[in-house]
Amino acid sequence: MELLKLLLFIPACFALNMTPGPNNLLSLNNARCYGFQSAVVAGLGRIGAFSIMIALAASGLAVVLYASETLFLAIKIAGAAYLLWIAVSLWRSEASPIAQIGQYKNQFALAKQEFLLAAGNPKAILIFTAFLPQFVDISQNTNQQFLVLGTTFLLLELGAICLYALFGLYLRNWFSKPKMAKRFNRVCASFLALSGANLLMSRQ
């Protein structure tokens, strides 16, 4: 694909990657609680979900999902319910589950949580359906272009995961006291609940 289009794509894409949202908030909190490595490994679950969405967008199946109101609504309700469940769990937690660096929670469970959170947001696949094609030249090999754009998106998303995880490590010392940690948990829970409510109430 054209180098100029790729150079235009990268900053626009990274702005999307860095936008605060449920998954980025989860990376931040995972790093605060379990360390940088656990947060990055957990983020691979999100990368897996986004990889599937990009493949769907490239194959055109995302259009079918968008056209099916029943399927779209089912995914939206499931995603919103999962977000609200995480929010309630975080709100009710007694204190911060901060562990010593090197003492990791089950990383597969954290990655699964990231995957489900990303997969349960139908708006994500619409981003790939509406955003990526803007940089595709239909007169050239579209599959090859989707591969380049999709790979670039995933690499930038991994960069965003690392940046949020680093910020989570920075917050680790700030919220090491149970009282402060509980307040932080409730702020995160409120944000996740609002995201879930917004997803549930949105028309598209």
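In this predicted model, helix α3 meets helix α6 through Gln37, Ser38, Val41, Ala42, Gly43, Gly45, Arg46, Gly48, Ala49, Phe50, Ile52 and Met53. On the α6 side, the contact is formed by Gln107, Leu110, Ala111, Glu114, Phe115, Ala118 and Ala119. The residues of this contact comprise 11 nonpolar, six polar and two charged.

Two packed helices are described by the angle between their axes and the distance between the axes. For α3 and α6, which spans residues 107–119, the angle is about 35° and the axes lie 7 Å apart. Their crossing is right-handed.

Helix α3 (residues 36–59) also packs against helix α2 (residues 22–34), at an angle of about 150° and with the axes 7 Å apart. Because an angle over 145 degrees counts as roughly antiparallel, α2 is roughly antiparallel to α3. The crossing of α2 with α3 is right-handed. Here Asn23, Asn24, Ser27, Asn30, Ala31 and Tyr34 of α2 meet Phe36, Ser38, Ala39, Ala42 and Arg46 of α3. This contact divides into five nonpolar residues, five polar and one charged. Ser38, Ala42 and Arg46 of α3 are listed in the contact with α2 and also in the contact with α6.

There remain the cysteines. With a disulfide taken as a pair of cysteine sulfur atoms within 2.5 Å, the count is zero. Cys33 has 2% relative accessibility and therefore counts as buried, whereas Cys162, at 23%, counts as partly exposed.

Key
Residues are numbered from 1 along each chain as its sequence is written. This is a predicted model: local features need pLDDT of at least 70, side-chain atom pairs count only at pLDDT 80 or more; totals for chains, interfaces and linings use all residues. Side-chain values use heavy atoms; hydrogens and water are left out. Axes are lines fitted to C-alpha atoms, for helices over the stretch in contact, and angles run from 0 to 180 degrees between N-to-C directions. Helices (H or I, at least four residues) and strands (E, at least two) are DSSP runs, numbered from the N terminus. Angles under 35 degrees count as roughly parallel, over 145 as roughly antiparallel, 65 to 115 as roughly perpendicular and the rest as oblique. A crossing is left-handed if the near helix is turned anticlockwise from the far one by less than a right angle, and right-handed if clockwise. Contact means heavy atoms within 4.5 Å. Ala, Val, Leu, Ile, Met, Phe, Trp, Tyr, Cys and Pro count as nonpolar, Asp, Glu, Lys and Arg as charged, and the others, Gly among them, as polar. Buried means under 20% relative accessible area, exposed over 50%, partly exposed in between (1.4 Å probe, protein chains only).
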